[in-house]
Amino acid sequence: MSDDWGRADLNLLLPLNALLIERNVTRAAERISVAQPSMSAMLAKLRRHFDDPLLIREGRGMALTPLAESLAGPVQAALVAERAVLTVASRFDPATESRTFSVLASDYAATTLLRPALRGLLTEAPGVRLTVEPLRADLVEVVRSGRCDLLLWPLQLPEQELLQFPHTPLFEDEFIAVVDRDNPLTGPLTRADLARLPAVEVNGVGDRWAVPRGKLAEQGLRQPAAVTVESFTLGLQMVAGTHLITLTQRLLFEALGPGLGLREVPMAEPGPKLTIAGFWHPRQVLDPANQWLRAHLARVAAGLGGVRPS
C-alpha cells in the first residue's frame, strides 16, 4: 500500500464504496453515474494505491479480496463523516426544494402510515416525490447499499443484521378478528373458535414479512385457511360478502374495513402486537432531507389511532 497519504485522492472514496457494494465495475459505474471506462480507470488507481486487486474473479462473477472486505466499514464511516462536515450548515426547505424519496413498505405500512402522510407532503412539500417500493427478500442489502431512504419494518421479526442500522419505533398496532357485517358470528372468540372457523390467511410475497404465520401461531391463533392471499388489504377484500374470518391489524381495519362492510369480532384474549419502525443507512443520519422525512413520518405516526411505542 502506498504510504504517500498527502497525495491520496479522496475523490476515490465514492467509487471505492460503489465497487465494494456492487462488486462489479459496470454496476458501480451506474451507481455513481460515471462511464464504465472511467470506473475502470479509478479501480486501477485504487489497486495501485492499496497494492491489492480489491476485486477478483470468482466463478462467473467478482468477489472482494480480504483487504477489500476490511475496507467496507471504514469507507462507509468516512463517507458519513464527509457528509456530516458538508451538511453542517445546510438546510432542507420542503416548501421550495425538490427531492424524491424511496421507501420500502408493505401494503399495510403504506396504507396506515404513508397514505395519511401524503396529505401533509402534498401541501408542505409540493416539490417532494415519494416512491413506495414493496418489501423484498434482499431488503437488508437494499438498506446496506443505500438504495432506499427508509425501510418500514416490524421490530417483532428477528432480523439481527437489520437492527445494526439506525432505526426508531414509529407506532404500535394490534391484531383483531374481522368478519363481514352480515356475518352472525359473535364473540368473544377463543383460540378454539379461531381454530375451527374458515379463514382468509395472509402469507404472500407482499406482506409475509409484516407478520408471519408463526408469530400468530406462537399465541395459539391457528386458523384453517379457506383462502390464502398475498397482502392484508387483499385479505380484507376477500372477507367482504363471505362467511370467512381473518386476523388483521386494527389500523388497517379502521382505514379500509367500514368501506368494505366489515366489522370487528371481539376476541377472548388480546391479539399479537406489532411495532413498525423506520430503518435507514448510517450516511443518512445527518442528511437534512432525510431528517425532515423521518420527522414528518414520526409526526403522522404520533397521530395514528394505534398504540404509541414504549
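Which residues is Leu113 in contact with, leaving aside its neighbours within four places in sequence? Keep that in mind while you get your bearings. This is a predicted model.

**Stop 1: the whole chain**

Show the chain as a cartoon. Its secondary structure comes to 11 helices and 11 strands. Of the 310 residues, 46% count as buried. Now think about contacts between residues at least 6 apart in sequence: 76% of them join residues at least 24 apart.

**Stop 2: colour by confidence**

Colour by pLDDT. The mean for the chain is 83, and 85% of the residues reach 70 or more. Select strand S10, residues 262-265. Among the elements of the chain, S10 has the highest mean pLDDT, at 96. Then select helix H8, residues 213-217, which has the lowest, at 49.

Two stretches call for care. Residues 2-7 have pLDDT below 50, and beyond near neighbours in sequence this stretch has 2 contacts in the model. Residues 204-215 are also below 50, but this stretch has 33 such contacts in the model.

**Stop 3: Leu113 and the largest core**

Back to the opening question. Select Leu113. Leaving aside neighbours within four places in sequence, Leu113 touches Leu152, Leu170, Phe171, Leu297, Val300, Ala301 and Leu304. Leu113 belongs to the largest nonpolar core, which has 40 residues. Leu113 is among the residues with the most contacts inside this core, along with Val128, Leu152, Phe171, Trp292 and Leu297.

**Stop 4: strand S5**

Follow Leu152 into strand S5, residues 150-154. Why is S5 described as largely enclosed by the rest of the structure? Because 5 of its 5 residues are buried. Look at the side chains. Leu150, Leu152 and Pro154 point one way, while Leu151 and Trp153 point the other.

Strand S3, residues 99-104, runs parallel to S5, and 2 bridges join them. Select Val103: its bridge partner in S5 is Leu150. Next, select strand S11, residues 273-279. S11 pairs with S5 in the antiparallel sense over 4 bridges. Find Leu152 again; Gly278 in S11 stands opposite.

**Stop 5: helix H1**

Select residues 13-22. This is helix H1, and 8 of its 10 residues are buried, so H1 is largely enclosed by the rest of the structure. The buried residues are Pro15, Leu16, Asn17, Ala18, Leu19, Leu20, Ile21 and Glu22. Step past the end of H1 to Arg23, whose phi is positive, near 55°.

**Stop 6: the loop between H3 and S1**

Find helix H3 (36-50) and strand S1 (55-58); Asp51 is in the loop between them. Leu54 is in this loop too. Asp51 has a positive phi, near 50°. Leu54 has a positive phi as well, near 65°. Neither residue is glycine.

Leu54 is buried, with a relative accessible area of 4%.

**Stop 7**

Select Thr111, in helix H5 (residues 107-124). At 14% relative accessibility, Thr111 counts as buried. Leaving aside neighbours within four places in sequence, Thr111 is in contact with Pro116, Thr233, Leu252, Ala255 and Leu256.

The side chain of Thr233 makes a polar contact with the side chain of Ser231, at 3.1 Å. Ser231 sits in the loop between strand S8 (225-229) and helix H9 (232-239). Ser231 counts as buried, at 7% relative accessibility.

**Last stop: a cis bond**

Which kind of peptide bond joins Gly187 and Pro188? Zoom in on the backbone: the bond is cis, with omega about 0°. Pro188 is in the loop between strand S6 (167-180) and helix H7 (191-196).

How values were computed:
Residues numbered from 1 in each chain as written. Predicted model: local features only at pLDDT ≥ 70, side-chain atom pairs only at ≥ 80, totals over all residues. Heavy atoms only, no water. Buried < 20%, exposed > 50% of the residue type's maximum accessible area, 1.4 Å probe, protein only. Contact = heavy atoms within 4.5 Å. pLDDT = per-residue confidence, 0-100. Pairing = 2+ DSSP bridges. Polar contact = N/O pair within 3.5 Å; in protein donor to acceptor, adjacent residues only side chain to side chain. Core = buried A, V, L, I, M, F, W, Y, C linked by side-chain atoms within 4.5 Å.
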